[in-house]
2 protein chains.
Amino acid sequence: MGAATTRAAGGAPMRAATMRAAVIAALFALPCASLRRAAAPARRLAPRLQSAATAAPACTTVNVELGDRAYPIYIGDGLLTSDATTAASYLQPHVGGSQVLVVTNEVVAGHGYLDATVAALKHGDKGAKLRVETLVLPDNDDEPSEATKTLENLGVITDYAIEKALDRKCTFVALGGGVIGDMVGFAAACYVRGVNFIQIPTTLMAMVDSSVGGKTAVNSRGAKNGVLQFRFNMSAKNMVGAFYQPVAVVADVGSLNTLPERELASGVSEIIKYGLIRDAPFFEWLEREGVEAMLARDRKALIQGVEDSCRNKAEVVALDEKEGGLRATLNLGHTFGHAVETKSGYGTWLHGEAVGIGMSMAAHMSHELGWIDADLKERCIALVKKARVPAFLPLYSPMDVASFEAIMAVDKKVADGALRLILLKGALGNCVFTADYDKDVLKKTLEYYCDDAQRTRDD
Amino acid sequence: MGAATTRAAGGAPMRAATMRAAVIAALFALPCASLRRAAAPARRLAPRLQSAATAAPACTTVNVELGDRAYPIYIGDGLLTSDATTAASYLQPHVGGSQVLVVTNEVVAGHGYLDATVAALKHGDKGAKLRVETLVLPDNDDEPSEATKTLENLGVITDYAIEKALDRKCTFVALGGGVIGDMVGFAAACYVRGVNFIQIPTTLMAMVDSSVGGKTAVNSRGAKNGVLQFRFNMSAKNMVGAFYQPVAVVADVGSLNTLPERELASGVSEIIKYGLIRDAPFFEWLEREGVEAMLARDRKALIQGVEDSCRNKAEVVALDEKEGGLRATLNLGHTFGHAVETKSGYGTWLHGEAVGIGMSMAAHMSHELGWIDADLKERCIALVKKARVPAFLPLYSPMDVASFEAIMAVDKKVADGALRLILLKGALGNCVFTADYDKDVLKKTLEYYCDDAQRTRDD
């Protein structure tokens with residue numbers, strides 16, 4: 001059994017059923033190198049084992065291969081929510097010191113996931129020796145979640161850690177969606193210049209994107225203090241942060257039970273990206289059954305979708321951790337989508353919704369450039385719609401060509417004045433990251449999508 | 001000529017005199033590996049060369065060997081302040097993109113160093129293509145400089161960079177003392193998750209300590225917002241930050257001309273540390289002539305002191321960048337000194353002054369433990385006094401044993417409940433970092449230094 005399996009099985013005492021499930025999960029888990037397979041992915045999920053005592057949840061593990069910063073992503077149904085023994089076996093082996101700070105928000109705590117996390121951490125002999133502190137950040141309807149991802153709230157987290165006298169051997173746990181993950185991850189990167197960090201994503205978006213790969217950040221205060229409001233608004237998103245890898249990610253699709261429909265769809269939209277940029281068989285599975293099954297909250301489909309997304313992301317991140325080039329391809333549709341988010345302001349669009357429009361635009365532009373055929377463009381747009389996110393701007397969107405241009409001009413992917421875009425090129429599963437495209441085609445794409453006649457095409 | 005020399009000589013067009021000086025400096029520069037020499041350091045300074053045009057300042061280079069993050073520290077008299085051609089030759093080769101942000105404060109700008117830096121950056125053909133933005137932070141007598149090193153001001157810097165639409169290829173330049181260097185360095189580490197970063201230290205403390213080694217940070221807001229005031233006050237110092245290396249450090253001892261006496265002495269105190277922990281010949285030079293000559297602002301002595309300090313620090317950092325153990329020895333006297341700073345609040349003590357008392361206490365405790373002889377203890381205390389910083393607490397200091405104990409209990413070097421200290425052991429130039437010492441001796445040392453009878457011993 002390899003190192004990955006050992007870690008997946010965890011260090012805490014495990015019952016026989018849990019152990020058997022872990023072994024089976026390990027047997028089914030494929031290494032990252034086998035990612036770009038020719039055939040559609042086999043169902044790698046271990047069957048649920050019934051012991052005399054309880055059912056031990058199946059777990060599949062994706063390893064992010066980053067040398068001495070390598071870490072496992074545990075994916076399964078009930079890893080956190082089934083029982084404390086199981087959850088402890090995934091969490092406790094990754095706790096370094098004797099102090100833990102779990103940060104979450106009111107909504108996630110309200111669903112009981114904080115209690116489950118604390119119970120898992122304090123479980124058994126090792127748990128009895130841990131001091132577990134918790135910090136529940138406010139979450140209210142008056143303020144979009146993204147607007148709380150600020151340097152100010154970063155200070156709330158680090159001040160709390162100081163108040164609790166947490167030392168440099170402590171472990172931060174981010175329990176929640178992308179906002180919690182990004183902010184707590186950045187806090188872990190900064191607190192006494194870096195402490196242990198575990199991600200427990202509780203939204204589909206966080207499971208397939210933000211919790212994997214070590215991008216942490218907060219937004220600039222520009223969006224709040226009004227100084228930069230006019231020119232930059234939300235383009236100040238994720239402008240202050242760090243590349244900082246967690247020591248483990250525990251993705252329990254059971255926690256998606258409580259996720260609102262719209263957020264579920266947003267996550268599915270982000271998943272489509274992986275098929276488009278590098279994994280044709282995955283895209284075909286999504287078309288055939290994956291998208292529909294995930295939207296119906298089929299647990300096996302969700303595990304499959306999360307696993308294939310994480311495998312793809314892990315492989316890209318392992319090749320290009322600091323975004324020298326390849327990693328940028330994970331931002332397919334994001335430059336267009338980001339402009340849409342920015343113009344509308346925090347909270348209007350969910351990230352995956354804006355990315356849906358963005359992927360549609362990228363496919364359209366790629367086709368206009370003659371880089372992909374009409375069939376692929378249509379398949380892309382159809383799958384975005386199937387995911388129940390918009391593929392076109394709505395009728396009353398404030399978006400216009402000038403706004404697109406102004407906002408994209410300050411995108412993080414601008415280098416020396418040239419905007420680099422991720423576009424599709426060739427057969428399904430291939431893309432390029434380039435500033436070498438016909439600028440007129442970009443302009444015409446913007447005009448096409450901003451034209452009133454296109455704005456109702458989702459109906 | 002090796003890689004270091006090429007970099008030291010710079011990429012920008014240089015006049016013959018500058019080139020000759022660089023070559024000579026390179027010939028005199030020794031590799032870091034030769035640091036722990038048996039004999040007193042030879043004067044490695046290149047003689048000033050007189051060309052028909054101008055005198056090109058001599059430069060010695062210390063390389064910080066950190067693999068793909070290795071960087072040079074240029075040390076000399078007039079590297080920044082003599083003329084734009086010279087300064088350009090040190091700065092411009094390290095500017096990556098086409099945008100630069102120079103951050104300084106009112107005092108440093110008032111001395112003309114900002115103008116010199118901007119002129120150097122904009123000098124010549126390469127300079128003409130650079131966009132150089134400047135940000136001058138306020139510096140007033142009402143607020144101690146250290147109190148401005150906050151997450152809030154970090155946000156001021158990053159917001160400004162966003163406002164000026166600086167992209168991820170831009171370069172941040174920190175021009176000033178330790179507060180500017182720590183804060184701008186952390187901003188460079190965070191802005192779009194990391195941009196190019198150059199340090200131009202203008203205080204002796206920054207040249208010999210904070211600008212070298214990549215420790216960047218801001219203080220917690222605890223000290224300002226009152227919530228943590230009672231328990232933590234300044235122990236929240238440097239609690240939020242990153243290990244982030246600059247691409248170059250330009251230390252022009254000419255800029256020490258404008259440094260107040262007290263700050264000069266504070267820097268000299270910090271320099272003594274290197275002799276005590278690992279470089280007996282350097283300590284002997286400081287005893288013999290170095291301390292006095294530096295306090296008299298002798299340029300050659302200042303270059304020597306900065307160079308030997310940087311060489312020692314560079315070697316330690318190269319061996320232990322993230323402070324696994326060895327690097328902690330650079331904090332000799334800092335745990336005691338930090339407690340003194342903390343109790344008194346920002347601005348009462350300069351850092352090197354508190355470290356002076358701390359080194360005296362460490363020497364006293366080491367002797368009480370029987371780890372060093374009385375002669376070494378006395379030499380240490382005598383040299384601290386010679387540096388014109390206190391070796392004992394002043395008569396009306398609020399410091400008492402309970403305060404020492406309370407503040408040291410939350411030191412960053414506490415691990416799993418045990419306080420690790422840097423103490424001297426054996427012959428001059430040897431130290432240990434350990435939690436394995438007689439706790440009674442620590443207690444007695446604190447009592448000795450807090451005893452009123454000792455408080456006037458500096459007189």
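Q: What percentage of the 459 residues in chain A is buried?
A: This is a predicted model, where local features need pLDDT of at least 70, side-chain atom pairs count only at pLDDT 80 or more, and totals for chains, interfaces and linings use all residues. Residues are numbered from 1 along each chain as its sequence is written, chains are lettered from A and ligands numbered from 1 in written order, and side-chain values use heavy atoms, without hydrogens and water. Buried means under 20% relative accessible area (1.4 Å probe, protein chains only). Of the 459 residues in chain A, the buried share is 63%.

Q: Why is strand S8 of chain A largely enclosed by the rest of the structure?
A: Strands here are DSSP runs of E, at least two residues, and helices are runs of H or I, at least four, numbered from the N terminus. S8(A) spans residues 196–201. It is largely enclosed because, of its six residues, the number buried is five.

Q: Which residue is the bridge partner of A:Phe172 in S8(A)?
A: Two strands pair if DSSP finds at least two bridges between them. Strand S7 (residues 171–176) of chain A pairs with S8(A) in the parallel sense, over six bridges. In S8(A), the partner of A:Phe172 is A:Phe197.

Q: Which residue in S11(A) stands opposite A:Ile198?
A: S8(A) also runs parallel to strand S11 (residues 248–252) of chain A, joined by two bridges. Opposite A:Ile198 stands A:Ala248.

Q: How many helices and strands does chain A have?
A: S8(A) is one of the strands. The secondary structure of chain A comes to 18 helices and 15 strands.

Methods
Buried means under 20% relative accessible area, exposed over 50%, partly exposed in between (1.4 Å probe, protein chains only).
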